[in-house]
Amino acid sequence: MTSVKTYTIIYVILLALGTGKFLFFTFDFGYATAMGGTMLLAVIKSLLIAGYYQHLVDEPRSISYMMLVAVFMVFLLVIAAGYSIQ
Amino acid sequence: MSDLPPKRSLKRWLVTTNHKDVGILYLTTSLVFLLLGGILALIFRAHLWESGGTGLLSGNEFNQSVTTHGLVMVFWFLSPIATGFANYLVPLQIGAKDLAFPRLNALSYWLYLFSGVLLFISFFQGGSWSGGWTIYAPLNVPMYTPGAVIEASVGGTMAIIALMMFVISITMGTINFLTTIHRQRAEGLGLWNMPLFTWSWLLTVWMMLFAFAALFAALIMLTIDRVMLTQYFATDQGSGLLWAHLFWFFGHPEVYIVFFPALGIMFETFQTFCGRRLVGRKWVIISMILVAVQSFLVWMHHMFLTTINLEVKTLFMATTIGISLPFDLMVFALIYTMVKGRVRFTTPFLFSLGALVLFILGGITGVFLGAVVLDYEFRGTYWVVAHFHYVMVSGVTALVGGLYYWWPKISGRMYHEFTGKLHFAAYFIGFNLLYFPMFLTWETPRRVFHYSGGDLIWHQMATIGAFVFGFSFLIMFANFAWSLIWGPKAPDNPWKYSRTAEWAIPSPPPLDNWPGRPSYASGTLEFVEETSAHPAGAATDGGTAATDGGTATVDATVSESTGASGDEHAHEGEHADHASIWPFMIGLGTFIMFLGMSGMTGVVVELMSDQIAAHLGTEDVSSNVNADQILGFADMNYVYLTFFLGGIGFLSYSLFMFGKEQFNAPEMEVAERWPFEGVGNTKFGVWVFLASDVIVFGAVIGAYLFMRIWAGWFTFEPIPDYTWAGLLNTYILLTSSFTVILALVMAERSNKKGLMACLGATIMLGLAFMAVKAWEWGGKFAQGDYWFSGLEYSLYYVTTGLHALHVIFGLLVGGFMLYRIYTIDAYLEDERPVEFFGLYWHFVDIVWVILFPLFYLM
């Protein structure tokens, strides 16, 4: 198990990244950059929460793979469905 | 509450959580639904005796019969009968004493039973759902089914809700079986050596996990459309395609979900009655895995006639034809097993062989539909009906074979062999007489009783076949009834060459399954005396069943073991509980709540009538929506409202009591767990649940993305007025994630005050999140922006609302835990429940991390 100190550091990083997402759209970065940047920050935040708060870094890899398969299924559905109407 | 009443008492069946009892409940209930679905089919087949219909049914009644027949057979018969077999046999085949979560198993059953009752209640609410079992949009929303059907909207909504409740049951079962098969296998039983029925079921539940979650998401959106008047499936802006994508992303794997258990039974029976291990066993398993993966890559072949582009159609044609290859291997493996073995034509084998023949015919005719050009010709005709039934009823045939195969094990008595063969003859002739003519009438549109006069003879043959086919089941029931009363007692193993573990114990098996601990460590099944000092002690009187079928000798399977009661456990305090009333009560509470929900549309319309009228007065309204039709719903039905609120109350109480109840389901100390060693059963179960929730949320968020792509990305603006409110809620949720992880630290340190403070802070933050949300929604309502104001509004309110509902569930669980800490010092010695709660809470946090940019920034 990870220490309180690590949890606190992660928490501060999460708050900063949350603010970062907001800043992307507050200042003019251009829509594509802002969108890409925010989604990247969202992914990093998700990984930090899953990895450390949900302890996926300490669990067997198979759990992470199972969750990745679930995420992959969502991407498969959304990307294929989105492509089908192009 | 561990004493289990005797089997002759009704109470036994209400409180049991034992996997064999639940298996019997599933089997019998699914057979009742088979009869009900069959009667519906006979009624509409009789109606089809003449071109244009005999007048037996009205048009709408015909549609209801066809639709409900399809829904019942696919959902309430085919999947559950397989679940019944799995419940009874999977723990026996893998050497477990029960499923990982016995109470959850009972709960799955009760939700299944009550969902089926709801479906049939829908007939008495002005008429059931009549739009086909595929529930295609936009016909699935009330405003598109005007006239007489609008009166039936309550019954239609009920059918949708019944299906949603069924999916909840399936999800619980999935979590339970995945945990059981991955973490409860006897020592020495590696995955490769698992019996083939268990293999087929393992892959079935993996497919179920992902496929049914997509259906669940679609049904949530549809139910909200029907009850709250949101517009997911009501627009001409991609609604039809959105439903088709979600439905078939579930619906195609569903074909294999219902067929795989049947395939597993075919493998088992072929091995037993050919006296030979399945040819190419390893390759068969690999093929099954391939099919399970590929099943998710072919869903758009159901959509060749929609406006999806030609490139994607071509791609999906290739993947569809590709999926037939691993099936070819399985078919040839079965044929070669017959060639290389010595076949004994018993009743179970005849049904399995019949299933193989039907599957080959169904498979070949399916290749026609997989080709885009041919599909243009065949889609929506009786060719599809025939192909579909050849495949699905092939599965039914093998499952009936399974009923005969395991009947002696489950009932303890033999069936009548000649009557069984007579059943097969009537069944097989009746089936082919029913469905083969449909290939010949392929120009007849399906779901229509006005067929060409030239096809009359084929349709009449089919109707005669339907009655022969239906009658054949009466022979089966008569046979089983005879067996129960007069049948000779079954030996432990009535089949010479069967070698899976269930045949090594008495028929029927004792409550706790095994005399001691089953182990395959030596390569064959042994029952090890359980002593804490020597967990791998000497073998007792076990049989010599191999892990799976093989070239067994005749006497290699006989077990001398006698039923030993679970009281022989060496470990003090590890006595398993078997009885709980709360799964039944939770099922009943959910039933009452959903019964009420089906009639809530009228309540919502009446409460919101001014706003709806104002909204319908604007020019934004789709021309398809008629103000009179919508407001025609307005009917404050206090009966439904009472059921809904009373059901929530009853359900909450039952859940509370379920949470409080002491119930012990011991985890196996020695077990094969690859690849999920190192996590506890419950934690693994929570992760499996979260994986399914990823799909549910993913599909709902995906619906937003799909609709936005359809509309043109930049035509959507963020709906919330204030981005900072979303940012504030992001901070609040992140902080609550931090406090919940601190709660875990406090629990680990057995610090009661700290734990209560951190958990309390989490709950306060959750409430603050809901307050900000309420303020945000209140502001929108004040401006006249409601969930029915347009598609973008529906997407915003439902997606963030679903997230808020997750927060509310979390708050309820968190509140319950706080109460437990305060009253009984819970979690101070065993902090794991706090961790499990945290896993859920962090997941909800992660979803918000995705929702915030999508709905507030972009």
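**Figure 1. Thr500(B) sits in the loop between α15 and β1 (517–519) of chain B.** The model shown is predicted. Thr500(B) has 2% relative accessibility, so the residue counts as buried. Its side chain makes a polar contact with the side chain of Glu502(B). The distance in this contact is 3.0 Å.

**Figure 2. Tyr427(B) and Phe469(B) form an aromatic pair.** Over all chains, the structure holds 103 aromatic pairs. In the pair of Tyr427(B) and Phe469(B), the ring centres are 4.9 Å apart and the planes stand at 65°, so the geometry is edge-to-face. Planes over 60 degrees apart count as edge-to-face. Tyr427(B) belongs to helix α14 (residues 417–440) of chain B, and Phe469(B) to helix α15 (residues 456–486) of chain B, so the pair ties together parts 42 residues apart in sequence. Both partners are covered. Tyr427(B) counts as buried at 0% relative accessibility. Phe469(B) counts as buried at 12%.

**Figure 3. Arg103(B) lies over the face of Phe658(B).** The distance to the ring centre of Phe658(B) is 3.8 Å.

**Figure 4. Lys282(B) lies over the face of Trp192(B).** Here the distance to the ring centre is 5.3 Å.

**Figure 5. Chain B and chain A bury about 4,800 Å² between them.** Carbon and sulfur atoms give 80% of this area. On the chain B side, Trp687(B), Phe738(B) and Met858(B) lose the most area to chain A. Together these residues account for 13% of what that side buries. The contact takes 63 residues from chain B and 46 residues from chain A.

**Figure 6. Lys683(B) forms a salt bridge with Glu59(A).** The closest N and O atoms of the two residues are 2.4 Å apart. Across the interface of chain B and chain A, one salt bridge is found. Polar contacts between the two chains join 12 residue pairs, counted with both residues at pLDDT 80 or more.

**Figure 7. Helices of chain B line the side that touches chain A.** The elements giving two or more residues to this side are α7 (196–228), α8 (239–274), α10 (310–340), α21 (681–711), α22 (723–748) and α25 (832–857) of chain B. Which element gives the most to the side of chain B that touches chain A? That element is α21(B), with 15 residues.

Technical notes. Residues are numbered from 1 along each chain as its sequence is written. Chains are lettered from A and ligands numbered from 1 in the order in which they are written. This is a predicted model: local features need pLDDT of at least 70, side-chain atom pairs count only at pLDDT 80 or more; totals for chains, interfaces and linings use all residues. Side-chain values use heavy atoms; hydrogens and water are left out. Rings of Phe, Tyr and Trp (its six-membered ring) pair if their centres lie within 6.5 Å; planes under 30 degrees apart count as stacked, over 60 as edge-to-face and the rest as tilted. Helices (H or I, at least four residues) and strands (E, at least two) are DSSP runs, numbered from the N terminus. Buried means under 20% relative accessible area, exposed over 50%, partly exposed in between (1.4 Å probe, protein chains only). A charge sits over a ring if NZ of Lys or CZ of Arg is within 6 Å of the ring centre and within 35 degrees of the ring normal. Contact means heavy atoms within 4.5 Å. Buried area is the accessible area (1.4 Å probe) that two parts lose on being put together, summed over both. A salt bridge is a side-chain nitrogen of Lys or Arg within 4 Å of a carboxyl oxygen of Asp or Glu. A polar contact is a pair of N or O atoms within 3.5 Å; within protein, one must be able to donate a hydrogen and the other to accept it, and residues adjacent in sequence count only if both atoms are side-chain atoms.
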